[in-house]
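This briefing goes through one protein model by topic. Please keep the sequence and the structure open while reading.

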Amino acid sequence: MQGLQYLIAIIKRENEKEYLDFFHRQGINSVVSVFCNGTATESTLSLLGLENTEKVMLKLLVREEGLVELKTALVMEMGIANQGNGVAVFVPLDSVGGSSSLKYFVGENPIEKKGEEDMSLEMSKNVLIITIVDKGNTELVMTAAREAGAKGGTVVKAKGTGAEMASFFGAPISEEKEMVYIVAKRESRDGIMKAIMEKAGGNTDAHGVIFTLPVDSVLGINTL
């Protein structure tokens with residue numbers, strides 16, 4: 001849906017409340033928090049000045065008309081662009097299911113939509129590569145991805161309640177699955193995807209599925 005973006009922020013677990021308070025001050029109250037872990041090698045962590053600590057992934061919808069101000073606040077107030085403070089990825093949203101869902105995410109104020117000519121998803125410089133695999137195969141995914149040029153990723157353990165299924169962008173996730181998020185340059189996308197599919201794809205014991213999303217912009221991760 002034009003006028004909205006999907007923000008994924010990966011931060012240190014101890015900073016979760018600070019970020020939730022920040023988004024509340026920005027008028028954003030609907031934030032989903034998920035515990036996760038980084039996968040970067042020790043050499044990459046050292047290069048970027050990062051610590052191999054437990055992470056929190058915050059997922060929320062933000063309005064495009066206030067995006068510049070929000071990004072500025074994330075950099076200036078929260079210091080997310082500083083080494084070791086995390087990363088924020090912005091993904092243009094295609095649609096939201098009904099007016100009630102839209103009000104839940106953004107409140108009563110109408111969304112300011114842009115014309116089709118302003119959308120340039122295919123030309124985005126970065127992509128978010130998402131791989132869903134059987135539990136215990138994330139290192140296999142990251143080994144393949146690193147060999148193809150990826151610097152690191154984030155692992156999310158997606159769990160339902162009991163035998164129920166969770167869902168992410170229409171992909172069913174059972175309790176036995178894990179998700180690997182990798183932000184990469186667009187020119188590296190095909191090589192990374194091919195490497196992952198060869199070692200952890202649907203025809204392997206990992207039973208992996210993989211898809212990508214265009215990334216409008218990235219804050220943090222100096223190499224990107």
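Which side chains meet in a salt bridge at 3.7 Å, N to O? They are those of Lys-71 and Asp-216, where a salt bridge is a side-chain nitrogen of Lys or Arg within 4 Å of a carboxyl oxygen of Asp or Glu. The pair links distant parts of the chain, with Lys-71 in helix H3 and Asp-216 in the loop between S10 and strand S11 (217–220), 145 residues apart.

The model is predicted, so local features need pLDDT of at least 70 and side-chain atom pairs count only at pLDDT 80 or more, while totals for chains, interfaces and linings use all residues. Residues are numbered from 1 along each chain as its sequence is written, and side-chain values use heavy atoms, with hydrogens and water left out.

**Overall content and confidence**

- The protein chain has six helices and eleven strands; helices (H or I, at least four residues) and strands (E, at least two) are DSSP runs, numbered from the N terminus.
- Mean pLDDT of the protein chain is 77, and 70% of its residues reach 70 or more; pLDDT is the predictor's confidence in each residue, from 0 to 100.
- Over residues 159–166 the pLDDT falls below 50, and this stretch has nine contacts in the model beyond near neighbours in sequence; contact means heavy atoms within 4.5 Å.
- Of the 224 residues in the protein chain, 47% are buried. Buried means under 20% relative accessible area, exposed over 50%, and partly exposed in between, with a 1.4 Å probe and protein chains only.
- Among contacts in the protein chain with a separation of 6 or more, 80% come from residues 24 or more positions apart.

**The sheet**

- Nine strands form an open sheet in the order S10-S5-S9-S6-S2-S3-S1-S4-S11, with antiparallel pairing; two strands pair if DSSP finds at least two bridges between them.
- S10 and S11 stand at the edges with a single partner strand each, so one side of each has no neighbour in the sheet.
- Neighbouring strands of this sheet are turned by 25° against each other on average, direction ignored. Axes are lines fitted to C-alpha atoms, for helices over the stretch in contact, and angles run from 0 to 180 degrees between N-to-C directions.
- Strand S1 (residues 4–12) pairs with strand S3 (residues 54–63) in the antiparallel sense over nine bridges, and Leu-7 has Leu-60 in S3 as its bridge partner.
- Strand S5 (residues 126–134) is largely enclosed by the rest of the structure, because nine of its nine residues are buried.
- On one pairing, S5 runs antiparallel to strand S9 (residues 177–185) over nine bridges, with Ile-129 opposite Ile-182 in S9.
- Seven bridges also join S5 to S10, again antiparallel, and the bridge partner of Ile-132 in S10 is Val-209.

**Helices on the sheet**

- H1 lies across S1, strand S2 (32–38) and S3, and runs at about 5° to S3.
- H3 packs on the sheet and touches S1, S3, S4 and S11, its direction making about 170° with that of S4.

**Salt bridges**

- The count comes to eight salt bridges, including the Lys-71 and Asp-216 pair named above.
- Within that pair, Lys-71 is buried at 18% relative accessibility, whereas Asp-216 is partly exposed at 42%.
- The side chains of Arg-25 and Glu-77 meet in another, at 2.4 Å, N to O. Arg-25 lies in helix H1 (residues 16–25) and Glu-77 in the loop between helix H3 (67–76) and strand S4 (87–92), so the pair ties together parts 52 residues apart in sequence.
- Arg-25 is exposed at 51% relative accessible area, and Glu-77 is partly exposed at 43%.
- Arg-189 forms a salt bridge with Asp-190, the closest N and O atoms being 3.0 Å apart. Arg-189 is partly exposed at 23%, as is Asp-190 at 48%.

**Thr-204**

- Thr-204 sits in the loop between helix H6 (189–200) and strand S10 (209–215), and is buried at 18% relative accessible area.
- The Thr-204 side chain reaches the backbone oxygen of Gly-201 at 2.7 Å.
- With neighbours within four places in sequence left aside, Thr-204 is in contact with Met-197, Glu-198 and Lys-199.

Key
A polar contact is a pair of N or O atoms within 3.5 Å; within protein, one must be able to donate a hydrogen and the other to accept it, and residues adjacent in sequence count only if both atoms are side-chain atoms.
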